[in-house]
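Here is a short briefing for a reader new to this structure.

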Amino acid sequence: MTTIGTPVTAPPPPRWATLIRNNASILLIYGLILLVAGTAAIMAPNFRTPTNLVNILRQSIILGLIAIGQSMVIMTGGIDMSMAMVARIVALTVATLFLAGGSDPALIVPLVVVGLIVGAAFGLLNGLLITRTHASPFIITFGIASILRGVNLAISTTPIRGIPEEYLLVYDAKIGIVPINVLVMGLLWYLVWLFSTRARTGRALFAVGGSERVARLSAINVDRTLVIAYVFSAVCAAIAGLFILSRTGVGDPGTAEGMDFQSVVAVALGGISMYGGKGSLIGTLGGVLLIAMLSNVFNLLQVDIYYQQLLLGLVVLIAVAAYKSPRSA
Amino acid sequence: MTEQTSLSTASSTAPPVLLYLNGIFKTFGGIHALSGVTFDLRAGEVHALVGENGAGKSTLIKVITGAYTPDAGVIEIGGERYAGLDPELARSLGVGAVYQEFNLLPELSVAENILLAKPPLGRFGLIDTAERARQAVQLLERLGAAGQIDPYQLVKNLTVGEQQIVEIAKALALRAHILIMDEPSAVLPSRDLDRLFAVIRTLRAEGHGIIYISHRLNEIFELADRVTVLKDGHTMATAQVAETNTPDLVKLMVGRSLTDLYPPHDAARGDVLLETRGLNVEDTVFDVSLQVHRGEVLGLAGLGGSGRTTVCRALVGLGRIRGGSVTYLDKAAPRSPAAAAHEGIVLIPEDRKAYGLILNQTMRFNLSLPNLDHLQHFGVLYPNEERDAVKQAITDIQIRPAAPEITAENLSGGNQQKIVVGKWLLTHPKLVIFDEPTRGIDVGAKAEIYLRIRELTRQGVGVIMASSELPELIGMSDRILVFHEGRIVGELSREQFSEEAIMQLATATKADIASGTPIPAAPSA
């Protein structure tokens, strides 16, 4: 810039200050986790035991899986309200097929594949409906969820038995002290984190969330990106459904109830903008851990279920209030 | 600044000073946005405020509207001195602003919008809708628009020009007498410009003080009484418009004289890159046949809404083509922006904020967005390659500051536009379509974009440039096609260029065209 009267430039703020400001939401959520953990460690002595800590991780598996899919979708500026019902239909379909196949352990691998395909198919349906009709993702996925709820009721209103013993072992299998499912989830999170930061489609996801119009004009295939996001969230839901089936040992008609809401809460706690285009997966992971830890602590302290809901709601409000962006002039 | 003081203490016959700012300082994160700015506004005058982007105009406006509190300095309104205002106080002191982005509620009626803040109340404290409409009509009448704008019409159904008048009426409803107009002409098609000027002159005659911001200096000479030049947060000068001229103002704004904004034509025209035959798009563009060659700048002129933008968009596959053909390098042209970019046709769209940039993302993110194809291997992005590409773009097109991690929305308009240009030039295009390449950016940034365009043509790239700035079309184009109501009504070769020739074609009625006025197409070189 050519200048008469050169502007005086102050030294830039120190690096740590910028780091804190740029990662405020992540610091906040993990700060909250430490706070809750600290309080719990004092109030409930059995909180600190290694078994309980591993337990918290285990309890966060299902929500973690759903939340990671939800994060991807919310990153595009959308929302997937059908995840719980997709998880449920996968669990019920696989359970029904196990029963029909005489609980044959040989069916495990093919039926896991079937479950994933069923999930992906509903994701594809969501994605195509959203990109073709340009209707609000909330309405579309809510509509699909409603249909699936009906279908699920038609499949069974009572628990479906006949899951082979071997399938039940998947959920509880351990390497040393670490359960396999924790490893699976950790691996998945790592892969998705890599994907969102290093993959071309991951970049496109942020772009679409920032502005669909600009992304389209910037040579991004917006429709494909959106469909990928919804297929991904549905596959996450399917994996969650398969894990739930393994954990409960029956095809439970109540599978994953309320998980849509909880996953959105986890994402919001993690600081991902509901308008899309901003946020990090590490934040969502924090949100999941916080929710899992809170319900664990509540259970240890034998807090009444009604108060649990109330306290969880308060945590959400406090966290969201803390993120509130400065009002624009 | 001695001139300033003498003005504000001028003889008693001069109209009263409505607003007087003295020694205003404002700093953001160590950067002085305003350093001792002095400014005054009298009743019954249009006082233009000019300066490059980042000169401090917006900050100054925000100080006056109370959005910012100055770090130092005094604001005098109506004889009272303030160290700073807040929006409520500013409003109550009669400050009103009309921004480029209107603050109107599209789903409400004209009358509802105009009297949104203080609707007239009837019995039981309910809104008296008849009285509200009456007051709205009254205000519109003052602006000479009562016949054209129906108070019950929804705002979303109005043209941009009409919305702007509603916005002005809304400010008047709050009894504003210090009116700030931030680039009001930038959003208007040129046919609405006269009406806007008439409105401003009416307000001036009524004794309002108007602060008029514009990048178009010719408007200032047409409209304003005084002009203040800001540069880097300093008041460079305040002068009577009658006593100054464009070169002087430009020199004050950029700190150097721009002897020639437009670099010389120095590229040879090559073979045909893209050709349309009888192109019909949507229901707005008809029978457009044009050719663009390598190494040339094809200018597209025409009033707002004449179809220029629709044609530009159609060439990268946007909008529904209802007839005719587009061929690119002797094949059917690609039909989506992604496919077009892949084959080397890129559109640098008008309105960078709406179409060009992901504002909440970094400069790096935006620059690499259309280049992800080149920065990836098997779908994986490589940070080092990205960093190098981004660094190159920043150097090539001189984006300042050269800070790839800065968020796009925090940059000035000129630098934002440079990002949009830079991100596309990184793709090594063969045909670049610029739609309003320099709207709302400062002279310095303009010059740099023009240099870039010349560089492209030297490399044999074809350029289409749609613009409503006639000097820019004349300065840059090799040929100009003039659009009128969706059709090409004439082609001008360089020796035929003049603002009059373009405007005549652009505003011609259909009868004139039928009678054979269009200038014959220049023979190919």
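Two strands count as paired if DSSP finds at least two bridges between them. The model is predicted. In chain B, 6 strands form an open sheet with mixed pairing.

**The open sheet**
- The strand order is β16-β19-β20-β13-β21-β22 in chain B.
- β16 (345–348) and β22 (487–493) of chain B stand at the edges; each has a single partner strand, so one side of each lacks a neighbour in the sheet.
- Neighbouring strands of this sheet are turned by 20 degrees against each other on average, direction ignored.
- β13 (residues 297–302) and β21 (residues 479–484) of chain B pair in the parallel sense, over 5 bridges.
- Within that pairing, Ala301(B) has Val482(B) of β21(B) as its bridge partner.

**Helices on the sheet**
- Helix α17 (residues 443–458) of chain B packs on the sheet and touches β13, β19 (431–435) and β20 (462–466) of chain B. Its direction makes about 145 degrees with that of β20(B).
- Helix α19 (residues 499–507) of chain B also packs on the sheet, touching β13, β21 and β22 of chain B. Its direction makes about 30 degrees with that of β21(B).

**Strand β3**
- In β3 (residues 45–50) of chain B, 6 of the 6 residues are buried, so the strand is largely enclosed by the rest of the structure.
- Glu45(B), His47(B) and Leu49(B) lie on one side, and Val46(B), Ala48(B) and Val50(B) on the other.
- β3(B) runs parallel to β8 (residues 209–213) of chain B, joined by 5 bridges. Here His47(B) stands opposite Ile211(B).
- β3(B) also runs parallel to β9 (residues 226–231) of chain B, joined by 4 bridges. Here Ala48(B) has Val227(B) as its bridge partner.

Definitions and conventions. Residues numbered from 1 in each chain as written. Chains lettered and ligands numbered in written order. Predicted model: local features only at pLDDT ≥ 70, side-chain atom pairs only at ≥ 80, totals over all residues. Helix = DSSP H or I, 4+ residues; strand = E, 2+ residues; numbered from the N terminus. Axes fitted to C-alpha atoms, helices over the stretch in contact; angles between N-to-C directions. Contact = placed C-beta atoms within 7 Å. Buried ≥ 20, exposed ≤ 12 C-beta atoms within 10 Å, placed from the backbone.
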